[in-house]
Amino acid sequence: MAAAELRRPAGRAEPGRLLLIAVALTFLVLFLVLPLLAVFVQALTKGISAYWAAVSNPIAWAAVKLTLTVAAIAVPFNLVFGVAAAWAIAKFEFRGKSTLITLIDLPFAVSPVIAGLIFILLFGAHGWFGGFLRVHHIRVVFAVPGIVLATIFVTFPFIARELIPVMQAQGKDDEETALSLGATGWQTFWRVTLPNIRWGLMYGVLLCNARAMGEFGAVSVVSGHIRGMTNTMPLQVEILYNEYNYAAAFAVASLLALLALLTLAGKSFLEWRQPELRHAARQARDRTRRENT
Amino acid sequence: MATLAAVELKSLKMPAAKRRTRRQLPGFGLTLGYTMVYLSLLVLIPLSAVFIRSFGLGWDHFWDVVTAPRVMASLRLSFGASLIAALINVVFGLIVAWVLVRYAFPFKRLIDAMVDLPFALPTAVAGIALTALYAPNGWLGVWLKSWGIQVAFTPLGIVVALTFIGLPFVVRTLQPVLEDLDKEVEQAAATLGASAAQAFARVILPALWPALLTGFALSFARAVGEYGSVIFIAGNMPMKSEIAPLLIVTKLEQYDFAGATAIAVIMLVFSFAIMLGINALQHWALSRHGGR
Amino acid sequence: MSIALRGISKQFGEFAAVKNIDLDVPTGALIALLGPSGCGKTTLLRIIAGLETPDEGQVLFDGRDATLWPIRDRKVGFVFQHYALFRHMSVFENVAFGLKVKPRRERPAAAEIRNKVNSLLELVQLEWSGDRYPAQLSGGQRQRVALARALAVAPDVLLLDEPFGALDSQVRHELRRWLRRLHDELHFTSIFVTHDQQEAIEVADTIAVLNRGRIEQSGVPSEVYDLPTSAFVHRFLGQVNELPVQVRGGRAYVGPIDISSTAAVAGGATGHIALIRPHEIEIGPEAAGWPAIVTAVRVIGPIVRLELCAEGQPVNEPLEAEISRERFEGERFGAGQRVGLRFRRWQVYPTGGAAA
């Protein structure tokens with residue numbers, strides 16, 4: 001009914017409207033815009049050539065490569081997990097479902113430093129597996145495998161919690177139809193499910209990747225800060241900063257900031273494409289809760 | 001070591017294969033099995049290592065470690081600063097969410113997307129950026145210095161960093177609730193004679209406060225564990241401006257595993273308690289209002 | 001309190017919802033705004049309540065210009081289509097709301113509020129529900145709470161926006177009767193919006209039929225039903241059969257039936273249609289009227305509906321006639337039977353009056 005939709009009065013005349021907008025914008029500028037600006041301004045204080053030198057030198061480049069490598073491993077692992085978990089949760093009924101979802105959310109509640117700590121406790125020299133690893137000359141902590149593990153832990157829930165509500169909202173109809181037409185489970189998954197969830201999938205991958213590449217605390221604990229070998233970009237930023245090499249630190253940081261902006265742009269695009277993604281996590285909680293009451 | 005994982009597995013009963021009341025899609029065993037294995041290996045077992053290591057200390061030793069002055073100071077600082085930051089975020093987050101949902105102004109969509117910046121920006125980048133801003137010679141630091149206020153390298157700087165980190169939680173939790181507010185209910189209040197303030201206090205706010213509490217709790221929980229954005233702007237001086245996560249790292253570097261795990265246990269217990277609290281809160285809010 | 005609308009117009013963007021409407025609602029009247037979706041009836045109601053501001057025209061309350069009065073100063077009770085109850089408040093608190101937000105000077109004491117609320121709940125037969133929450137009530141119960149809440153502040157006028165639209169037909173029927181009785185008891189001025197002509201006829205003293213932002217006709221229900229002034233109103237207020245009018249030899253015909261007695265023969269009556277209600281068709285032996293074949297018979301409770309294909313009419317546009325059950329029991333019309341049709345009443349309109 002066209003008239004009903006148009007009924008919303010424009011520009012609601014609530015008292016203090018302009019004041020509220022001013023306060024909100026001031027707060028956001030202060031806390032969001034200024035820090036972002038500061039990164040880029042500080043990165044360029046010594047000029048473009050210094051900036052370029054900072055981001056293209058071999059050590060910085062090694063950090064970039066390591067960051068990309070870690071993300072390239074961690075994201076696919078969590079992707080497979082996320083899809084499997086979402087399939088199990090969205091397409092089937094079983095007891096303990098909301099417990100499972102809570103467990104999947106656990107890494108969100110854990111401080112990054114503790115995320116690094118746990119792997120030291122497991123794989124460090126004095127850890128549970130320390131002896132075993134030493135005998136076999138396998139380095140996990142203070143080496144790339146440790147960084148990968150810590151990153152996987154920290155980014156564990158991202159893809160699952162985006163996919164679960166998306167798949168729950170889509171229900172089982174499409175899959176059941178495909179099966180009734182003779183498709184196998186795998187065919188159904190590839191041809192029917194996957195295309196349906198692709199935007200949610202991309203969204204989860206985007207967020208997972210951003211966190212994976214930007215993770216600092218957990219990786220810092222686990223990596224040993226070995227320059228050129230176990231430094232990711234965030235760690236490299238810290239090292240340069242602690243050496244008072246501010247311009248270079250901000251230069252590397254600016255690359256990460258650009259990544260963040262790209263992530264935000266991608267996020268906005270995907271939310272525009274599939275508006276349900278905006279409130280995905282909340283819907284997941286509410287729906288499972290409703291099913292269980 | 002495997003007991004914790006085993007306990008979790010037992011609480012998830014899988015339906016017997018033959019007990020099908022309706023058609024089942026394939027892959028349940030495979031996906032659930034993989035999920036449980038992956039979850040146990042990467043999350044449950046590693047986390048249990050912290051608790052088990054701590055239990056190995058014995059209660060008395062644990063208590064001694066945790067109540068050491070430096071540890072207590074760091075915990076007080078972490079929790080205290082997080083609390084203040086979360087409260088700031090509740091107040092301003094409400095204003096921001098309100099403005100974004102109910103008003104129109106130029107660049108609104110751009111600003112809305114920017115609210116997620118603290119989620120997307122690596123914490124180390126945020127850390128050095130905030131430090132650059134609030135250091136005595138920074139853009140804001142200079143201005144604050146003329147007022148006699150120093151932010152960087154003090155607990156105040158920690159609060160600023162934690163406010164940054166927690167900003168999106170309150171806003172994003174509130175936005176869907178504000179969007180779902182029934183306009184007709186507000187109009188009904190107006191036809192019954194309520195002023196704008198009365199309508200806000202009696203009709204809108206009661207609908208909001210579960211989300212406000214949730215946003216507060218999320219912001220608080222995230223802030224307590226925060227490391228990267230804080231260590232640059234904090235002074236990191238023991239007993240004064242040293243946050244708990246930093247103390248864990250320091251103890252690790254000194255091979256004081258007992259100390260590190262003890263603090264970690266405290267923080268984990270607290271985080272889990274908050275998570276359960278949030279879950280319970282939402283369960284209660286949903287049941288009371290019958291869902292939407 | 002009486003309400004008068006003078007020259008009210010309202011546009012939403014390019015869509016003209018309400019065009020130059022004049023309406024008089026005397027004190028104590030119960031008037032229905034009836035019309036299809038998009039005809040502007042709800043917009044009009046909301047303008048009276050102050051939930052919308054008209055682009056042009058005046059809203060007069062007892063002769064005073066209230067067009068720009070803010071909502072909370074108008075003392076109108078508004079009952080929304082989907083009740084708009086305060087979900088987090090109990091039934092009691094919902095009904096008490098209007099009393100509790102009064103400015104301090106006018107606010108009654110707590111005991112007085114309690115009495116008022118309880119007596120209202122008794123009035124709507126929900127005394128037992130005070131502590132319940134809206135989520136625990138059925139649709140019909142929620143609607144009654146919404147009504148009690150609106151009545152609590154003793155409004156000068158009660159406005160209802162499709163109040164029974166979201167309810168089961170049995171509940172609708174009871175609530176309609178009950179609203180009518182309530183109005184007869186309390187004599188408040190009341191305007192309600194509906195798209196259901198049955199409801200308008202059953203409940204209201206006066207019906208204003210709206211179409212595309214204008215009032216097509218207003219009057220008492222029997223007047224609007226029996227003496228419609230336009231084809232739109234005629235069609236909207238009940239079922240109709242539509243047949244083209246032909247002019248032959250200076251006389252107007254529908255099929256072979258001469259309708260010249262009421263048709264405008266002068267100036268070429270071609271391009272006109274005749275509207276005939278199902279119960280206005282007389283069915284007799286084939287020789288006694290327009291020959292027709294019965295194509296379907298449906299027994300619906302107390303009436304029987306016959307589909308008829310009249311000679312010379314296209315097969316896929318049958319006529320519908322209604323006869324009483326007793327008559328049907330007596331004559332037992334069956335499919336394929338040949339009968340003759342006559343018209344007891346009809347009305348002719350130019351086809352320009354063929355509104356959507």
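**A close look at chain B**

Guide: Two residues are in contact here if their C-beta atoms, placed from the backbone, lie within 7 Å. Residues 6-11 of chain B also stay under 50 in pLDDT, with five contacts beyond four places in sequence. Where pLDDT is low, the predicted coordinates should not be read in detail. Chain B as a whole averages a pLDDT of 85, and 90% of its residues score at least 70.

Some conventions come next. This is a predicted model, in which local features need pLDDT of at least 70 and side-chain atom pairs count only at pLDDT 80 or more, while totals for chains, interfaces and linings use all residues. Residues are numbered from 1 along each chain as its sequence is written, and chains are lettered from A and ligands numbered from 1 in the order in which they are written. Helices (H or I, at least four residues) are DSSP runs, numbered from the N terminus.

Now the packing. Helix α4 (residues 69-102) of chain B packs against α11(B) at an angle of about 140°, and their axes are 8 Å apart. An axis is a line fitted to C-alpha atoms over the stretch in contact, and angles run from 0 to 180 degrees between N-to-C directions. The crossing of α4(B) and α11(B) is right-handed, meaning that the near helix is turned clockwise from the far one by less than a right angle. On the α4(B) side, the residues making the contact include F79(B), L83(B), A86(B), V90(B) and L94(B). From α11(B) come, among them, L212(B), F216(B), F220(B) and V224(B). By type, the residues of this contact are eleven nonpolar, six polar and no charged. Nonpolar covers Ala, Val, Leu, Ile, Met, Phe, Trp, Tyr, Cys and Pro; charged covers Asp, Glu, Lys and Arg; the others, Gly among them, are polar.

Terms used: Helices (H or I, at least four residues) and strands (E, at least two) are DSSP runs, numbered from the N terminus. pLDDT is the predictor's confidence in each residue, from 0 to 100.
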